[in-house]
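Please open the structure in your viewer and keep the selection panel at hand. The stops below say what to select next and what is there.

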Protein chains: 2
Amino acid sequence: MEADRRTRLAPDERRAQLVALGVAALVDRPLESLTLELLAERAGVSRGLLFYYFGSKQALHRVVVTTARDSMLRATEPVRALPPLDRLHDTLTRIVQFVRDHEGTFYSLVRGAASGDPEVREVVEQARALQAERVIAVFLEMGVPDSELLRIALRSWVAFAEEALVESALNTEMSTKDVVSFLERSVKAVAGSVHPA
Amino acid sequence: MEADRRTRLAPDERRAQLVALGVAALVDRPLESLTLELLAERAGVSRGLLFYYFGSKQALHRVVVTTARDSMLRATEPVRALPPLDRLHDTLTRIVQFVRDHEGTFYSLVRGAASGDPEVREVVEQARALQAERVIAVFLEMGVPDSELLRIALRSWVAFAEEALVESALNTEMSTKDVVSFLERSVKAVAGSVHPA
């Protein structure tokens with residue numbers, strides 16, 4: 001097996017390049033239009049090769065969305081050593097930056113959520129659940145009492161943030177700093193609205 | 001043509017019943033699993049009849065989601081005569097009640113948003129846009145200054161509310177009054193977070 005490693009590396013790299021091209025293609029088209037044919041054409045390779053690597057359009061979608069999710073989660077991993085509010089600020093800054101730098105990756109997640117394939121939706125759902133856990137941790141560490149409604153509010157805020165990121169970070173000229181400040185104010189406001197004043 | 005009306009009424013009613021059955025079926029299954037065969041079986045009619053009425057699974061999904069959307073929008077139509085905050089309270093109360101009374105209808109909208117069919121997603125998107133306009137109108141009438149960010153915030157709050165409705169109105173024992181109060185507090189908090197304090 002070891003002797004095969006060098007020869008297997010090239011196909012692995014080729015496959016990774018094709019996946020990256022698939023993710024990037026989602027900047028200007030919905031997930032369902034990403035076919036093996038289209039990707040073969042963009043990559044300048046045969047449809048047969050695409051079929052060899054991915055097997056089906058559905059499998060291609062799953063690997064594209066999973067790759068997008070993992071790269072977003074890695075890029076926005078909270079810095080545990082920071083105090084809660086600084087950690088929130090830092091994480092949000094990296095999310096906004098990531099969304100602006102990797103539009104295709106972010107769209108593949110937004111559009112993965114709108115996929116007809118339950119497995120693709122599940123991949124996206126896991127990312128949302130993890131982002132919600134990260135935000136919930138911030139407020140619990142600050143001493144906000146844990147409750148079912150706090151968790152519902154912050155999970156729902158993740159849906160809010162996804163929408164707000166598309167609209168503000170991608171569709172306006174707002175500075176990254178202003179988008180981050182708005183997201184920070186909104187999540188604090190939502191957490192504060194859990195219990196009657 | 002007039003002479004045909006009575007004979008045509010029965011098929012129209014039959015078709016409406018089939019659509020209602022399709023909407024109801026979405027309480028316990030995703031949209032993509034709603035096939036002509038399944039609906040034929042539940043309705044105790046032939047697959048041929050379903051095909052005659054709808055033509056394809058995709059066409060069935062479109063009519064089911066459009067019907068769900070229209071019935072939700074009708075049931076939650078704001079009472080224009082009420083002052084803004086009372087109107088908001090009244091509309092939110094009817095939304096929570098509607099979600100609880102018609103789980104299948106609400107799920108068909110949430111699941112329609114997760115459809116692989118862009119036309120189905122567009123049907124749902126129109127409802128969200130209209131709900132956002134209703135909420136924006138409330139805050140503008142109360143004298144909140146109009147801005148791009150206010151509109152982004154309140155459109156994003158509609159995504160928040162959709163998630164919060166599934167989680168709180170359907171998955172908890174919270175009273176309708178408590179769900180409504182939480183939604184009211186959250187939307188005011190989000191509108192208030194648009195500009196730095």
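Begin with both chains of this predicted model in view, and select the place where they meet: 32 residues of chain A are in contact there with 32 residues of chain B. On the chain A side, highlight helix H7 (118–141), helix H8 (148–170) and helix H9 (176–192), which are the elements that each give two or more residues to the side touching chain B. H8(A) gives the most to that side, with 13 residues. If you colour the side of chain A that touches chain B by class, you will find 15 nonpolar, 9 polar and 8 charged residues.

Next, colour chain A by its domain assignment, which gives domain 1 as 2–61 and domain 2 as 63–192. The C-alpha centres of these two domains of chain A lie 28 Å apart, and their contact takes 15 residues from domain 1 and 15 residues from domain 2.

Finally, select helix H1 (5–25) and helix H4 (57–75) of chain A, each of which supplies at least two residues of the side of domain 1 that touches domain 2. H1(A) gives the most to that side, with 5 residues, and by class the side divides into 12 nonpolar, 3 polar and no charged residues.

Definitions and conventions:
Residues are numbered from 1 along each chain as its sequence is written. Chains are lettered from A and ligands numbered from 1 in the order in which they are written. This is a predicted model: local features need pLDDT of at least 70, side-chain atom pairs count only at pLDDT 80 or more; totals for chains, interfaces and linings use all residues. Two residues are in contact if their C-beta atoms, placed from the backbone, lie within 7 Å. Helices (H or I, at least four residues) and strands (E, at least two) are DSSP runs, numbered from the N terminus. Ala, Val, Leu, Ile, Met, Phe, Trp, Tyr, Cys and Pro count as nonpolar, Asp, Glu, Lys and Arg as charged, and the others, Gly among them, as polar. Domain bounds come from an automatic or database domain assignment.
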